[in-house]
Amino acid sequence: MNDRIRELGIALRANDLLSQYQQGAALFASRWQTLLADGVQAELSVCAENGLVDAATDLLGKARREGVREPRLLGAVPFRSDAPARLILPVRCLVGQGVDGTILSSAAPMTQRVGDMQMMPPSGGYQKNVANALNRITAKDFEKVVLARALSLQAKVEIPSLLRRLVARNALGYTFAMPVGPQRTLVGASPELLLSRQGREVISQPLAGSIPRSNNPIEDAQRAQGLLHSAKDRHEHALVVDAVAESLRPYCRNLDVPSEPSLHATPTMWHLGTKVRGDLIDPTHGSLALALALHPTPAVCGHPTNAARDFIADVEGFNRDYFAGLVGWCDADGDGEWAVTIRCAEIGVDSATLFAGAGIVAGSDPELEFAETSAKLRTMLLAMGLELASEEQ
């Protein structure tokens, strides 16, 4: 293993690493640092509920004892805790600077209409699911549930240029490409940090409460302010922040939870966001263990968790797989970054499946929630150069 010690600590720019990305590699880029890894020295395919954290700790410890300098695991954990994660210890991992907003995308993709495609649930099914959820909320079966849509289509997507466009569109997000199966890559640009750990500092930045953006600057500003003062959206957001704080509190001292949310912008959406910070009491708790203690938050599942998760399984009509899970990295010291796996797609040789969800609470409107998921799907569709007819969105 010593002849394959990873190349860490190199002062490469994020742009340099993005330009080196090739199909099959693993990439995770944030404003703090960019990781590019290739080759598989070891792989974990363990369920979260069946000892994933212990297996990851053991593998990283073994790699360090065998001479790997600063070993890291990269990969993705599915939405369901009984589905296997895919984490890899790469042969080589380059670490560079974080994304700083100066990255230039390659030429804009040629816009093309999507041909063969399948919506899950089919047309009208999503609105019916939302109406069903609202009835269950009225019956007090749960207070919030996040319902998603999936869109499978035939398209040949060039991942390296897609990554550059995603970073150029939102340099403040978490851009990733993780191999998750034979000729299948999980690609996305998540705006939401589930958890980061650096030393004793822990940060989570949940997003909940959203509205599509407008191309008209005046209308866009009005939508942002309307979201910030929306009682429905602030209630939805508070459910998530309270759950995150409750989950982190046993692990942290000096937990800072702002009393008011702030606006968080992406190219297609306005979100309500809150940055929660804390200091670890016990530094042996690593980032993966802490992230799994939070997952799934009400931002991707609902509240209470078990009732919402059961409802999702009953009505959604497709397997979320890695969507609404977590994606990122962790090292042998316990540090790491884990983003919520949203604004993403699983991309194959000539196909792609895109995902988007919306939080349903009392006062939600089925048509508006459908429009919100359509706007979220546009993050990946626009970056891919794909276009749907308005009635298909």
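Predicted model: local features only at pLDDT ≥ 70, side-chain atom pairs only at ≥ 80, totals over all residues.
For context, most peptide bonds are trans.

While we're on the backbone, let's look at phi. Most residues other than glycine have a negative phi. Gln183 has a positive one, near 55°. You'll find Gln183 in the loop between β10 and β11, and it counts as exposed because its relative accessible area is 63%, where the cut-off for exposed is over 50%. Asn254 also has a positive phi, near 55°. Asn254 lies in a strand, β15, and at 60% relative accessible area, Asn254 is exposed too.

Now the helices. Take α2, residues 52-65, and α7, residues 287-294: their axes are 9 Å apart, at an angle of about 170°. Anything over 145 counts as roughly antiparallel, so that's what α2 and α7 are to each other. The crossing is right-handed. Who's touching whom? On the α2 side you have Leu52, Val53 and Ala56, and they meet Leu288, Ala289 and Leu292 of α7. That contact is six nonpolar residues, with no polar and no charged ones.

Next pair: α4, residues 159-169, and α9, residues 366-384. Their axes come within 9 Å and cross at roughly 125°, which makes α4 oblique to α9. This crossing is right-handed as well. From α4, the contact uses Leu162, Arg165, Leu166 and Arg169, and from α9 it uses Thr379, Met380, Leu382, Ala383 and Met384.

Last stop, the aromatics. How many aromatic pairs does a search of the whole structure find? Six. In one of them, Phe318 and Phe355, the ring centres are 6.3 Å apart and the planes are at 35°, so the pair is tilted. Phe318 is in the loop between α8 and β20, Phe355 is in strand β23, and they're 37 residues apart, so this pair links distant parts of the chain. Both are buried. Finally, look for Phe28, Trp32 and Tyr174, which ring pairs link into a cluster.

Definitions and conventions. Residues numbered from 1 in each chain as written. Heavy atoms only, no water. Axes fitted to C-alpha atoms, helices over the stretch in contact; angles between N-to-C directions. Helix = DSSP H or I, 4+ residues; strand = E, 2+ residues; numbered from the N terminus. Parallel < 35°, antiparallel > 145°, perpendicular 65-115°, else oblique. Left-handed = near helix turned anticlockwise from the far one by under 90°. Contact = heavy atoms within 4.5 Å. Nonpolar A, V, L, I, M, F, W, Y, C, P; charged D, E, K, R; others polar. Phe/Tyr/Trp six-rings, centres within 6.5 Å; stacked < 30°, edge-to-face > 60°. Buried < 20%, exposed > 50% of the residue type's maximum accessible area, 1.4 Å probe, protein only.
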